[in-house]
Structures are given as structure tokens and as C-alpha cells.
Amino acid sequence: MKNILAFAGSNSSDSINKQLATYASSLVKDAKVTILDLNDFDLPIYSKDLEAKEGVPENAKKFHQFIKDADGLVISLAENNGAYSAVFKNLFDWMSRLEQKTFLGKPMLLMATSPGGRGGASVLAMAKDRFPRHDAKIVAEFSLPLFNDKFADGKITDSDFDNTLKEAVELFQKEL
Ligand SMILES: Cc1cc2nc3c(=O)[nH]c(=O)nc-3n(C[C@H](O)[C@H](O)[C@H](O)COP(=O)(O)O)c2cc1C
């Protein structure tokens, strides 16, 4: 049984990206899925001075340990002004100070969704460019536009998008 870690790059209590990451990870077969919420990993804003004084905070270490323990990563990034949400960028910055190869070569299903028509295309492009420099092995990607029209009751309701996600999950599954 493979260990899958799923999380959203968001701290919204009703995060649409967490809903998508939860659904996508439920499609992985023979897997034990751990879903994390960034709200449970409170962190100070990264500062060089704070790092010099106190080191990397325990919550960044704890989160990174979950990555270490995982066989695969399912991530869905919220898009804020065309970029990562502040809460995700902060966690990423802290973890990169612990380990430059933050994602440790683990197979990754990389996703984004938004209420708008671009489905988080900008943050997805940013992560696609950047994550491999941190040893991410992005094996599949998926974007869901118009979340409120295409997702309900924990599932994608648009069959074309649902099939595209299932194909992405299959690619991910093969790499585990
Ligand atoms: C400050 C701010 C900036 C945003 N910028 C974008 C954006 O650039 N592109 C986009 O598609 N949605 C944008 N949104 C809308 C988010 O996609 C939407 O709030 C979404 O629910 C965030 O994902 P989450 O629910 O997983 O937190 C923005 C929202 C906020 C509050």
C-alpha cells in the first residue's frame, strides 16, 4: 500500500483546492491517503533574521517530514494574483531552507483550480517551472476552471474534466 500525501496551497477553511486534492487522492488505488491542512502548520513569515536567531520552525520540519514519509504527492495550488497563496509560499520558503531538494523526487500530481475560467493556470505554470528545481517529479498535471460550475458534493460533475483528471491520476499511479 502506497502512502499518498495530499494538500492544498491554501488556508481557506472551505478551500476549493483542498476539495479537489481530496477528490483526486481518493481516486488513487491501493493507497493510504493523508490530507494535510496548512492551517494546522502555523508559521511566522520567513525572515533571514528569524532563521538566524531561532532556526527553521518546528511546523516546517513537521510538514517536511510528511513529504519524506510519502510515496507520492497530490498538490492543488490556490492562485492569488497570479501566484502562490502567501501561506503556501511561506511554507515552501521555510521548507526550502531545511532541504533545497524540497520535494525529494517524489512523484507529484500537480493541480490548481479557481472559480474563474483560467483554473489557476498562472500558478500552475509558476509551479511547473519552479518545483523541478526543488527535485519535484511532476508526472501529471490538471487544472479545473469554473470550480463552482464543475464540482459538487466532493466530485467533478463535468464528465470531460472528470475523465481528464482520471487520466492524470492513472499516470501518477503508474509512477508510485
Ligand atoms: C487576493 C486574491 C487574489 C486572487 N487572485 C486570483 C487570480 O489571480 N486568479 C484566479 O484564478 N483566482 C484568484 N483569486 C480567487 C481564488 O482563486 C479563489 O479565492 C479560490 O477560492 C482560492 O482557492 P482556495 O479556495 O483553495 O483557497 C484570488 C483571490 C484572492 C482573495
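Which residues is Leu109 in contact with, leaving aside its neighbours within four places in sequence? They are Ala24, Val74, Val139, Ala140, Ala168, Val169 and Phe172, where contact means C-beta atoms, placed from the backbone, within 7 Å.

This is a predicted model: local features need pLDDT of at least 70, side-chain atom pairs count only at pLDDT 80 or more, and totals for chains, interfaces and linings use all residues. Residues are numbered from 1 along each chain as its sequence is written.

Leu109 also belongs to the largest nonpolar core, which has 48 residues. Such a core is a set of buried Ala, Val, Leu, Ile, Met, Phe, Trp, Tyr and Cys residues joined through C-beta atoms within 7 Å. Buried means that 20 or more other C-beta atoms lie within 10 Å of the residue's own. Leu109 is among the members that touch the most others, as are Ala21 and Ala24. Helix H4 gives the largest share of this core, six residues.

Helix H1 is largely enclosed by the rest of the structure, because nine of its 11 residues are buried; Ala21 and Ala24 are among these.

Five strands form an open sheet with parallel pairing, in the order S2-S1-S3-S6-S7. Strands pair if DSSP finds at least two bridges between them; helices (H or I, at least four residues) and strands (E, at least two) are DSSP runs, numbered from the N terminus.

| Strand | Residues |
|---|---|
| S2 | residues 31-36 |
| S3 | residues 72-77 |
| S6 | residues 107-113 |
| S7 | residues 137-144 |

Five bridges join S3 to S6, and Ser76 stands opposite Met111 in S6.

Methods:
A residue is buried if 20 or more other C-beta atoms lie within 10 Å of its own, exposed if 12 or fewer, and partly exposed in between; C-beta atoms are placed from the backbone. Two residues are in contact if their C-beta atoms, placed from the backbone, lie within 7 Å.
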